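Reader: I would like to go through the contacts in this model with you. Could we begin once the structure is on the screen?

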Amino acid sequence: MKLYQRTIRDLHQMLVDREISSVELTDAVLSQIDAVGDTTKAYLLVTRELALRQAQAADERLRANRDVRPLTGIPIALKDVLCVRDVVSTAGSKILRGFTPPYSATVVERLEGEGAVFLGKTNCDEFAMGSSNENSGYWPVRNPWSLDRVPGGSSGGSAAAVASGEAIAALGSDTGGSIRQPAALTGIVGLKPTYGRVSRYGLIAFASSLDQIGPMTRDVVDGALLLQAIAGHDPSDSTSSLRPVPDYLATLTDGVKGMRLGVPKEYFVAGMEPAVEQSIRDAIRLLEQQGASIEEVSLPHSDVALPAYYIIAPAEASSNLARYDGTRYGFQAGGGRNLIEEYMLTRQQGFGAEVKRRIMLGTYALSSGYYDAYYLQAQKVRTLIIEDFKQAFKKVDALLGATSPTAAFELGAKTQDPVAMYLNDIITIPANLGNVCGISVPCGLVDGLPIGLQVIAPGFGEAAALRVAYAFEAATQFHKARSPLMGAAA
Amino acid sequence: MSAIATRYEVVVGLEVHAQILTQSKMFCGCSTDYLTAPPNANTCPVCLGLPGSLPVINRRAVEATIRTALALNCEIPEFSKFDRKNYFYPDLPKGYQISQYDLPLSRNGHLEFDLNGEARRCGITRVHLEEDTGKLLHEGAIHEAQASLVNFNRAGVPLMEIVSEPDLRSADEAREYVMRLRAILQYIGVNHGDMESGQLRCDANVSLRPAGSAGLGTKVEVKNMNSFRAIHRAIEYEVERQTQVLESGGRLAQETRGWNDARGLTVSQRSKEYAEDYRYFPEPDLPPLDVSREWVAQIRAGLPELPAARRERFMTAFSLSPYDAALLTSSKTMAEFFEETVRLGAPAKTAANWILGDFSRLLNIDRKEIDDASIKPRHLQQLISLVDSGAITGKMAKQTFEAMYRAPDPGPALEAARGSTQISGDAELDRIVDQVIAENVKSVADFRAGKEQALKFLIGQGMKISRGRANPQRLDALLREKIQ
Amino acid sequence: MPEPESELSSRQVEHVARLARLGITPEEVTRYRDQLRNILHHIEALNRADTSKVPATAHPLEERNVMREDRREPSLPAEAALRNAPSREDSYFKVKAIQE
């Protein structure tokens, strides 16, 4: 097996055993980026020198056996929404072209502390708004399983990088499914932690009450390792929780025997591909065979989650994106006769169509006379969705469903129809609104394209989500399937 | 103005912005010292609004706001939150200001004050907490400026907004209200009260309504008044202007006008093509505040004596007139100066007269605060005792006081008064007493006959001859000696 | 309060774009109007939920009173604060004149 095809856990063992060095490993991954990067377009920026410098430092740490951590020397990709000190960070937007933050996100600092190696900034939908990566301000990303298909979004670059061997693991961000959906569409594991579990400090904001950073990895163990490294309270993020972080590996292999797993009937939505539904039903049966008790549950307000999301997220975004006016950083159009004209030109030229659409939608929803009907109503609906989950989790330990109603679609298939695009997230969005956590784990191939099983656990129940996902993964081979670009395991 | 007073009633409400004295900014650890720092030196990702940065609430700023609200007799609700006020302006780095909208830290208070001996009361709608903006510097003349320069050192400094009810009925009342409010802020240590540097800023909503009517007329917001005098002049001007518009059958526009202090008038600031729509919504980056009753009690317990209470105490303990007591307590530092002078032994009334008279006059001319002066309570007390002991005359004391005030160290001037300026030579005093006795034979006889009153007259004559330089007590002694 | 059902007009689109400081061409006004109408049409589903007795959720967490002590932390070096500025003069950010 090639080094870039391996998991964090494998590579960690090899690093510790001196079988390989981090520089060798990093070289191998950088070579794979050289080989397929132009095909996937997964990266916006490859930080080759930084990576090699960090790899050397990691090797010294490994040689000295000084504070060796599970991620020491492991090459990781970072979604471009994460600020890295002195490294261009644009959130996939032209309006932030060339922006080099003078500070790093808390998660970036934590990974640095672990001795991880940063490969670069991965492509994404502009400001994380999208489900296909076609809204990148730079270029679309292609799915390593089928180059005429999207990798999902918005963390499509991170997903494609992990699925093509251009990274061992990656960080993504998830506001309405942006980690889980591309993970499902590229055959990897993606976990959206509970809001408050991981610090958002340094995450370029899309929707502040929904955004969470999470791991995108080859398997569930790697997901647990990466989450362990980034989770926990951060005094710089007032919305990060003070709850202690459990040891995720400790309960990972406990199995599902005796667990109660719920199947929300509302998650088998109209428009779900029959093959996807079949795979999910099969996955549920498999978990039942593993000893879980399965029962149907209802999340009665699932149908209003999508509309609530498309008010709350754009409303917050319209405010979060007001700072991009071209006066302190990023793109400045020039040519305006006065400041207000300059603002309008800068924002007209700097933002892409989807971002502008959401800014207008959000501005409208907050504007005088419409606030109660839209924003306030959406927040009340959010309360109902939180309540739905609370009720369901009184009966069951975790919920099962598809991550995405379909496998990866073709590039351009939905770009003309915003609403069709929004429907992609219909079964990932409730977890963001409901303040629970969710993980997507590969559960099959449909016409050669990967699909994902979503496991949703209560707020701060990441350990339970990981445990169910691991039980499923351990009983199946789906996660071992490799994209054609990554190459078959030798 | 008299015609106006009968025909229209003036309705004024004030919005006062007061920076809170903290070490660090409202939502980050940057220093609040924006006046002396080089441009943009006190900034960080949070107060520059860099992508990805997040705010964290400064506890002291919250407590100072509650402290202020308690001093203004406000209710403190048990739940409060921050909201975003969205608008674009180059001094606002995030494109929104973190402020408070529908659930401020406090509401429904009042401030009592005196105007010409009459008690007044102005309602306080709310006191809320927000962040200050950066500062713009215009290149070249403001009207032709091609560019502005932006300094974000002030961005994020904690700011309280104190909103009054439209309860003020004249420019005099408005000025008095702000003076009392400023005194309170100083008393409780949340603000220095410096208006010129913008630490304390005031906007006024001014309207007129037919006398006796209860409705509100068209409201004009007046901005840019940065002294008590400016507040007074601007409101007087605005009342006059609005009266003229109404008198001539015109209609007032609801607008914002800026006070131009040099020209002494208000100027319409371009009425916005589109009405502002701030799109307030709850700040998702900041969890709300549960304001427990214990927390409020703790803050209340830490409040010092407030001006109104101190004024009462001054009236009873020192037998001062309500007017003098009010003036002395209008400034915390002045009240403290007074109390210290009295504590050192000066008679209260005399000390009050000095502070409110000569001292205030000189301070006003120099636009200085009492604690900026070189004269300290011990100096004033010593001067008063010199006068009282008869060592120097009142007239000399006034000259001495001014000399002390002008000097960086008042000591030498005080010593000089104590020593050399008084007629101490016995020979000269002897000569004066001899002259008095020779020129006032009848009074001398009266005194010999037992009329004490006559001696007072003789002393007065001696003072006259010495042009006030003699010590009346020594004159008294010498006259008695020589006549008897 | 205006009926949210009433169709979004081109004038409203222009107003919203102006509020959001987004330059917009006449063609875009029409395109965004139609797209936003379609999106808003789907969003009307919100009203299917009975929220008459439901409080709004603005903050998903139970955390309250998250505050820091009033302590100074180092600021950025002025150069780091200004290095991304598209236009600057000395240590100031420079912007076009405000008046129209």
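Reader: How much area do domain 1 of chain A and domain 2 of chain A bury between them?

Author: The two domains bury about 2300 Å² between them, with 69% of it on carbon and sulfur atoms. Buried area is the accessible area, taken with a 1.4 Å probe, that two parts lose on being put together, summed over both. This is a predicted model, in which local features need pLDDT of at least 70, side-chain atom pairs count only at pLDDT 80 or more, and totals for chains, interfaces and linings use all residues. Residues are numbered from 1 along each chain as its sequence is written, chains are lettered from A and ligands numbered from 1 in the order in which they are written, and side-chain values use heavy atoms, with hydrogens and water left out.

Reader: What are the bounds of those domains in chain A?

Author: Domain 1 of chain A covers 3-262 + 395-480, and domain 2 of chain A covers 303-379. Domain bounds come from an automatic or database domain assignment. Taken over C-alpha atoms, the centres of the two domains are separated by 27 Å. Their contact (heavy atoms within 4.5 Å) takes 28 residues from domain 1 of chain A and 24 residues from domain 2 of chain A.

Reader: Which residues of domain 1 of chain A lose the most area to domain 2 of chain A?

Author: They are Ile95(A), Met129(A) and Tyr422(A), which together account for 31% of what that side buries.

Reader: How many salt bridges are found across that interface?

Author: The rule finds 0 salt bridges there. A salt bridge is a side-chain nitrogen of Lys or Arg within 4 Å of a carboxyl oxygen of Asp or Glu.

Reader: Turning to the chains, how many residues of chain A are in contact with chain C?

Author: In chain A, 69 residues are in contact with 57 residues of chain C. About 5500 Å² is buried between chain A and chain C, 65% of it on carbon and sulfur atoms. On the chain A side, Ile340(A), Met344(A) and Met360(A) lose the most area to chain C, together 12% of what that side buries.

Reader: How many salt bridges are counted there?

Author: The count between chain A and chain C is 3 salt bridges. One salt bridge joins Lys96(C) to Glu342(A), whose closest N and O atoms are 3.1 Å apart.

Reader: Within chain B, where do the domain bounds fall?

Author: Chain B is divided into domain 1 (2-298), domain 2 (307-418) and domain 3 (426-483). The area buried between domain 1 of chain B and domain 2 of chain B is about 930 Å², of which carbon and sulfur atoms give 44%. The count between these two domains is 3 salt bridges. Arg367(B) and Glu196(B) meet through their side chains in a salt bridge of 3.5 Å, N to O.

Reader: Lastly, where in chain C does pLDDT stay under 50?

Author: It stays under 50 over residues 1-5 of chain C, for which the model has 10 contacts beyond four places in sequence. pLDDT is the predictor's confidence in each residue, from 0 to 100. Where pLDDT is low, the predicted coordinates should not be read in detail. For chain C the mean pLDDT is 90, and 92% of its residues reach 70 or more.
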